[in-house]
Amino acid sequence: MSRLRIRPSQPDDQGRIINITPASAGWRYVGFEVRRLTKGQRTTIHLLARETCLLILTGTAGVTADGSDLGTLGGRRSVFDDIAPGGIYLPAATPCTVVAQDNCELAVCTAPGSQPGRARTLKPECMAVETRGQGTNTRRVRTILPETEPAESLLVTEVITPGGHWSSYPPHRHDENAEPRQTALEETYYHRLNPPQGFAFQRVYTDDRSLDETMSVEDGDVVLVPRGYHPVGAPHGYDLYYLNVMAGPVRKWIFHNDPAHAWIVKR
């Protein structure tokens, strides 16, 4: 199996089924966890030198951060529901406790952080939704933690790609600090499928093909994108959701399309 494809495991005592760190990924910035909690289960987050975007992807949970009760958040039955997830931003060193009100799934998105601040909820009305692309390149994008919202380096977005469609397409990359043409951002893709027995395809490749891997991804997989282009295709009959987490030395998403395929958006 590709080293870029991470499969979920059985939950540990904190509910973790995915646990990606910069050390395990072989890069510097992005960390990503998925935790699945059963009703009444409690989990804690306290990262001393990392900022965190905590998302309640499905279900509902009570959240306390730095001693303040942030209330009950979430409410989606599925990541394919057309409503925003529950979201919390945690500055570095902010302790947080989550108690599942029913079965729920959490995403813990992290990057290096040092700035002081207070935990805050991410308001659903600030998570803009737009349709991108044309024809079978159409997908729905929800920006959860965009450049316009305060953070140190994290950028978080979720995408739904209908069956038979492509996204992150035409292939693009963001692996060089070369403003204004491009910025360097590591990225993870957390994939979910509807129905869940489906599969999708993701290719990660560079211009010189020193990296060139095409993966069949299943429900719950994560794909690491350390560099290169990274298009995704969803087969007919299976809608694809993915959660993107990006971080790098500059908090801007400026990408470069593969010149061989850039004509697709110029028609």
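Me: How many bridges join β12 to β13, and which way do the two strands run?

Reply: Strands β12 and β13 are joined by 5 bridges and run antiparallel. Please keep in mind that this is a predicted model.

Me: Which sheet do β12 and β13 belong to, and in what order do its strands come?

Reply: When you read a sheet, follow the order of the strands across it and then look at the two ends. Here the order is β1-β21-β18-β23-β13-β12-β11, an open sheet of 7 strands with antiparallel pairing. The edges are β1 and β11 (129-132), each with a single partner strand, so one side of each has no neighbour in the sheet.

Me: What is the order of strands in the open sheet of 4 strands?

Reply: That sheet reads β14-β22-β19-β20, with antiparallel pairing. Its edge strands are β14 (166-167) and β20; each has a single partner, so one side of each is left without a neighbour in the sheet. Zoom in on one end and you will find β14 joined to β22 (residues 232-233) by 2 bridges, the two strands running antiparallel.

Me: Let me turn to salt bridges. How many are found in the whole structure?

Reply: The search finds 21 salt bridges. Take R5 and D221, whose closest N and O atoms are 2.7 Å apart. R5 is in strand β1 (residues 5-6), while D221 is in the loop between β20 (212-218) and β21 (222-225), so the pair ties together parts that are 216 residues apart in sequence.

Me: Are R5 and D221 buried or exposed?

Reply: R5 has a relative accessible area of 15%, so R5 is buried. D221 is buried too, at 0% relative accessibility. The cut-off you need here is that buried means under 20% relative accessible area.

Me: Which residue forms a salt bridge with D207?

Reply: The partner of D207 is R173, with 3.5 Å between the closest N and O atoms. This pair links distant parts of the chain, 34 residues apart: D207 is in the loop between β19 (199-205) and β20, and R173 is in strand β15 (residues 172-173). As for accessibility, D207 is partly exposed at 46%, whereas R173 is buried at 11%.

Me: And where do the partners E179 and K252 lie?

Reply: First the distance: the closest N and O atoms of E179 and K252 are 3.0 Å apart in their salt bridge. E179 is in the loop between β16 (175-178) and β17 (182-184), and K252 is in the loop between β23 (239-247) and β24 (256-257), so the pair ties together parts 73 residues apart in sequence. E179 is partly exposed, at 42% relative accessibility, and K252 is partly exposed as well, with a relative accessible area of 37%.

Me: Now the pockets. Which residues lie nearest the centre of the largest pocket?

Reply: The largest pocket holds about 620 Å³ of space. Its lining has 31 residues, with R132, R139, Y169, W253 and F255 nearest the centre. Strands β12 (139-145), β13 (155-161), β18 (186-194) and β23 each supply at least two residues of that lining. By type, the lining divides into 15 nonpolar, 11 polar and 5 charged residues.

Me: What volume does the second largest pocket have?

Reply: Its volume is about 170 Å³. It is lined by 16 residues, and W27, R28, L185, E186 and P226 are the closest to its centre. The lining of this second largest pocket comprises 8 nonpolar, 3 polar and 5 charged residues.

Methods
Residues numbered from 1 in each chain as written. Predicted model: local features only at pLDDT ≥ 70, side-chain atom pairs only at ≥ 80, totals over all residues. Heavy atoms only, no water. Salt bridge = Lys/Arg side-chain N within 4 Å of Asp/Glu carboxyl O. Buried < 20%, exposed > 50% of the residue type's maximum accessible area, 1.4 Å probe, protein only. 1 Å grid on protein atoms, 1.4 Å probe; cavity = no way out; pocket = protein on both sides within 12 Å on 5 of 7 lines; lining within 4 Å. Points joined across faces, edges and corners; volume = space filled by probe spheres on them. Nonpolar A, V, L, I, M, F, W, Y, C, P; charged D, E, K, R; others polar. Pairing = 2+ DSSP bridges.
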